Amino acid sequence: MEKKSTLWTVVKILLAVGAVCAVAAVVYHKFFRKKKEEELLEEAEELEALDIAEELIDDEPPFEASAEAVIANAEEMEESVPEAEA
């Protein structure tokens, strides 16, 4: 009987595992990578559309009123409240 070397057994196992990993990588790149890239492109387009919408919203000037207009409006409101109660 011949004694088997454990070194060659380990080498054979490593080669088999490497071959399985290589096949899995080829299958992934051929089929699943394209789908993932398409999903990422769609997400990027959605984010880009949201950025454009935010820029349009940010371009609109905020509503501003002068302090004098606010004071005048407040005085008018104070004058109209007692009339409504009476």
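**Exercise 1.** In which helix is E42 found?

*Solution.* This is a predicted model, where local features need pLDDT of at least 70, side-chain atom pairs count only at pLDDT 80 or more, and totals for chains, interfaces and linings use all residues. Residues are numbered from 1 along each chain as its sequence is written, and side-chain values use heavy atoms, leaving out hydrogens and water. Helices are DSSP runs of H or I with at least four residues, strands are E runs of at least two, and both are numbered from the N terminus. The protein chain has two helices and zero strands. E42 lies in helix α1.

**Exercise 2.** Is E42 buried, partly exposed or exposed?

*Solution.* Start with the cut-offs: buried is under 20% relative accessible area, exposed is over 50%, and partly exposed is in between (1.4 Å probe, protein chains only). With a relative accessible area of 48%, E42 is therefore partly exposed.

**Exercise 3.** What is the relative accessible area of F31, and where is F31 found?

*Solution.* Next, take its relative accessible area, 48%, so F31 is partly exposed.

**Exercise 4.** What percentage of the 86 residues of the protein chain count as buried?

*Solution.* Apply the cut-off for buried to the whole protein chain: 0% of its 86 residues count as buried.
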